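Thanks for coming, everyone. Please bring up the sequence and the model on your screens.

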Amino acid sequence: MLAPVWCGLPGDGRDRVVLAASIVSKSGKVLVSRQFVEMSRIRIEGLLAAFPKLIGTGKQHTYIETENVRYVYQPIEVLYLLLVTNKTSNILEDLETLRLLSKLVPEYSYSLDEEGISRHAFELIFAFDEVISLGHKENVTVAQVKQYCEMESHEEKLHKLVMQSKINETKDVMKRKASEIDKSKIDKNRGDKGGFGPLQSMGSGRIENSFSDLSISSSGTGFGSGSGFGLSSDVDSLSTKSKGRPTSSATAPPKGLGMKLGKSQRTNQFLESLKAEGEVILEDVQPKLSQSRTAAPPLTNPITLTVEEKLNVTLKRDGGVSNFDVQGTLSLQILNQEDGHIQVQVQTGENQAITFKTHPNMNKELFANEYILGLKDPNRPFPTGQASDAGGVGLLKWRMQSTDESMVPLTINCWPSSSGNETYVSIEYEASSMFDLRNVVISVPLPALREAPSVSQIDGEWRYDPRNSILEWSVLLIDNSNRSGSMEFVVPQADSSAFFPISVRFMATDTFGDLKVTNIIPLKGGNPPKYSQRTQLITENYQVV
């Protein structure tokens, strides 16, 4: 049931020419009515209800006079565009006003039926106000009316900037407080354990905190449970994980004592205030050493080596690579102090474009000649203990840059096309056979919409974020069974540039460097300790512009 839209202005109508501008159906149903005098709803409904009965058949003129008012009208398909004026008005000026309004109605409502007019009722009322002011026609054109209605408000933009600034400031305070809390806990744990002086000299504090985002919980050192890491050596359960199982990006803190070890009450208040405003708060923004320790069981293997590569890629929407940068790190984590006197034998891949650099405390000649990572002072052990940095001790880093499009693991093609008052968008992905990609999320920006887009076809799942006006296309796993996929959706007419830049997130259990740990060499004799290797490729900034 479509309800008519009424809008009126205060004051009497003695000095006003146009009393009301309305759109009614041929059966007399009122769809939109804008009154320019103070008039009760019953009064205007009575005038408009009498109009269809006064229309004769076979007459050429488009005005009707009654005892009190004059109707000036024009048919528009199955509707009537109608002006109700007083009898002292200039009929020629009224006809000119009617012609201008008849040109504006199709500009705001492409569908000239009851549903289309009702959907754009308020836009039509705003346009009527630009044409008629205090009952008299303004000297404007159709282009000027559209410009006035679409004009941006400087005050509104300033208000939005101030609100965004407050939100960003609150986020910064929240992150700073959380960082201070985590730092104090780490310092306290180091003081309780003792003997961690070499940890700082080895530069483990410089290892990026992004290791806290890894999602394997084995030792409570920032790895969440059940992530898409691949394990070599003797830990095979993670590499044979079910493909259909989604990968968790964060481990929720347990209730009870674990919550007391987390953020302070004041920090939680910052989080709650942001959530109340609609912000999405990720609980794994800062490293949560104490929460991870309570949520994850200890590592089963005394030595863990973590290989991580971060991918920064910028692709051009018309094809080609603008930027391709891979940065990788190898870190070591040892649980027991007696296992600290070791050396790590590694095997590098055949990618000649990658350059490796060892940590300053590593023996560079030993690595260059035998691919063995060991300290310059063999009598000095590696830092140990679960209280060390979540990323472990940095041993090796590498980097690769390229402009070869064949090196890109995932390419995105977006094809917007306009038809009538709608824009049809087709998006497809093509994945390289080099990697199996997990937890793929393709985020497409959309113009401001009143409702979610209409998705007609998709390989995977989709979600619409109305706050940020983003359509997220999710695929849990891309392997040999689905190296390509597509999505199609429809939105109201928009410019093709509104759908860029497209952001992409994914992870993989293989890397470009293809670095593998082949052996752990004990320097004090005995059997080599057990170890596990974790490997992950993640996107840091992956866009199509």
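A word on the ground rules. This is a predicted model, where local features need pLDDT of at least 70, side-chain atom pairs count only at pLDDT 80 or more, and totals for chains, interfaces and linings use all residues. Residues are numbered from 1 along each chain as its sequence is written, and side-chain values use heavy atoms, with hydrogens and water left out.

Two more terms. Helices (H or I, at least four residues) and strands (E, at least two) are DSSP runs, numbered from the N terminus. Two strands pair if DSSP finds at least two bridges between them.

Start with strand S2, residues 18–25. Is S2 mostly covered or uncovered? Covered: eight of its eight residues are buried. Buried means under 20% relative accessible area, with a 1.4 Å probe and protein chains only. S2 pairs antiparallel with strand S6, residues 79–86, over seven bridges. Ala21 stands opposite Leu83 in S6. S2 also runs antiparallel to strand S3, residues 30–35, with five bridges joining them. There, Val24 has Val30 as its bridge partner. S2 and S3 make a hairpin, with four residues between them. In that turn, Gly28 has a positive phi of about 100°.

Next, an open sheet of four strands. The order is S16-S17-S22-S19, and the pairing is antiparallel. Which strands stand at the edges? S16 (410–419) and S19 (454–458); each has a single partner strand, so one side of each is left without a neighbour in the sheet. S16 and S17, residues 422–431, share ten bridges. Asn413 is bridged to Glu428 in S17.

There is also an open sheet of three strands, antiparallel, ordered S14-S12-S24. Here S14 (372–373) and S24 (516–522) are the edge strands. Strand S12, residues 342–347, is joined to S14 by two bridges. Val344 has Leu373 in S14 as its bridge partner.

Now the helices. Helix H2 covers residues 91–108, which is 18 residues. At its start, a side-chain oxygen of Asn90 reaches to within 3.0 Å of the backbone nitrogen of Leu92. The buried residues of H2 include Asp94, Leu101 and Tyr108.

Last, helix H4, residues 121–131. Its buried residues are Ala121, Leu124, Ile125, Ala127, Phe128 and Val131. Seen down the axis of H4, they fall within an arc of 165°, so they line one face of the helix. That arc is taken from the directions from the helix axis to the C-beta atoms.

Notes. The expected span of a helix is 1.5 Å times one less than its number of residues. Buried means under 20% relative accessible area, exposed over 50%, partly exposed in between (1.4 Å probe, protein chains only). A polar contact is a pair of N or O atoms within 3.5 Å; within protein, one must be able to donate a hydrogen and the other to accept it, and residues adjacent in sequence count only if both atoms are side-chain atoms.
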